[in-house]
Each structure stands twice: as structure tokens, then as C-alpha cells.
Amino acid sequence: MSSPTPTVPRLGRRAPLNVLIADDDDRSREELAGAIAALGHACTTAREGAEAWELHRAKGFDVILSDWMMPYMDGLELCRRARAEAGEGYTYFIMLTSLTDRAHVIEALKEGVDDYLTKPLDLEQLQAKLRSASRITALHRGLSRSNASLKRASDRAFAAARTDPLTEVGNRLRLQ
């Protein structure tokens, strides 16, 4: 008799993503914000990395779409900080830059960037990357909910193992 095939959760219609754009070029930032809004996602913009970092720390975003070269804090440092500060949720990080050489792509991926897009922006590529981001962030949210549920069940079992069921008084395990 063979073991049952594991089921993969169905991710029906995905909720809109909450996207943070960090780009020091006004025109690029506005075009990107328009494209993301047209794809049905919520969008917040920042003019440079430090501003984006403060917005992310205050609000938390599903996706950060960042230029690499910005004043005060570049996109790679923004990614490093987002990864170091990771809490329960997962932030999908997309680097959007004019740096197209292989060495920059590899460096970005090693530092924690999830995806890499080059300028000028290809809207079809952006849409595909945001679909991936939606799947991954939804899976992380589901895992966080499952972990929280398992933690609550574990805490209840731990307490029950240390309480006498008849008297509801601490038992020998609790005394130890």
C-alpha cells in the first residue's frame, strides 16, 4: 500500500499585495507606482533607502521593490536590514536596477534579494514577479498561522501534563 500524496494548499484568488517602492528617480518611482496600482496592488513610495526603511519598520510590507543605487542607504543595505529584522511575516524583496552584469545579480541574491529586475521595466516581468511574491508571502502567512496554532496546542499540552486532571492541582512534574 502506498503512502498518500501530500496535498499542496490551493491559493485561489490572491489578495492585493502591499508594495513599497524605493527609488530616488521621481519619474521611475511614479511609473512603477502606476504600474503596481494598475495590477491591483496597494503601493507606497519612498525617495531613498533610509525613508523606505523607516516606512517598512513602521508598517511592514509584503513586497519591497527597490533601486540599488540611492542616497543615504542603497537597496542592498535596505534588503540586509529587512532580512535582519524579519519577524513573523515575510517580505519579498525585488531589486530593480540598471546594473545588469552577472556579478551584481549574484551579489544581490547572496545578500537576500528574492528577485532581480533590470531597467527599463518590463511590465509582464513585473507582473510575473508579483505573482511569485504573492504565492510566497501567502505561504509564509499560512505557516505563521500554523506555527502559532501548534504553539498554543503545545502550551496547553505542557500545562495539562503538569496538572492532575481530577483535582486540577499541580502534579509531580510541576513540582520538579
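What distance should the 39 residues of helix α5 span at 1.5 Å a residue, and how far apart are its end C-alpha atoms? In this predicted model, local features need pLDDT of at least 70 and side-chain atom pairs count only at pLDDT 80 or more, whereas totals for chains, interfaces and linings use all residues. Residues are numbered from 1 along each chain as its sequence is written, and side-chain values use heavy atoms, with hydrogens and water left out.

Helix α5 covers residues 123–161 and should span 57 Å, which agrees with the 56 Å between its end C-alpha atoms; the expected span is 1.5 Å times one less than the number of residues. At the start of α5, a side-chain oxygen of aspartate 122 comes within 2.9 Å of the backbone nitrogen of glutamate 124. The buried residues of α5 are Leu126, Lys129, Leu130, Ser132, Ala133, Ser134, Thr137 and Ala138, where buried means under 20% relative accessible area with a 1.4 Å probe and protein chains only. Among the elements that cover them are α1 (26–38), β3 (63–66), β4 and β5 (115–118).

Two of these covering elements, β4 and β5, pair in the parallel sense over four bridges, and strands are said to pair if DSSP finds at least two bridges between them. Isoleucine 94 stands opposite aspartate 115 in β5. Between the two strands the chain passes through helix α4 (residues 102–110), and this β-α-β crossover is right-handed, in that the path from the first strand over the helix to the second runs clockwise when the strands point away from the viewer.

The protein as a whole has six helices and five strands, which are DSSP runs (H or I, at least four residues, for helices; E, at least two, for strands) numbered from the N terminus. Along the sequence they follow the pattern β-α-β-α-β-α-β-α-β-α-α, and 31% of the 176 residues count as buried.

Leaving aside residues up to four places away in sequence, valine 113 touches Leu76, Cys79, Phe93, Met95 and Ala108, a contact being heavy atoms within 4.5 Å.

Technical notes. Buried means under 20% relative accessible area, exposed over 50%, partly exposed in between (1.4 Å probe, protein chains only). A polar contact is a pair of N or O atoms within 3.5 Å; within protein, one must be able to donate a hydrogen and the other to accept it, and residues adjacent in sequence count only if both atoms are side-chain atoms.
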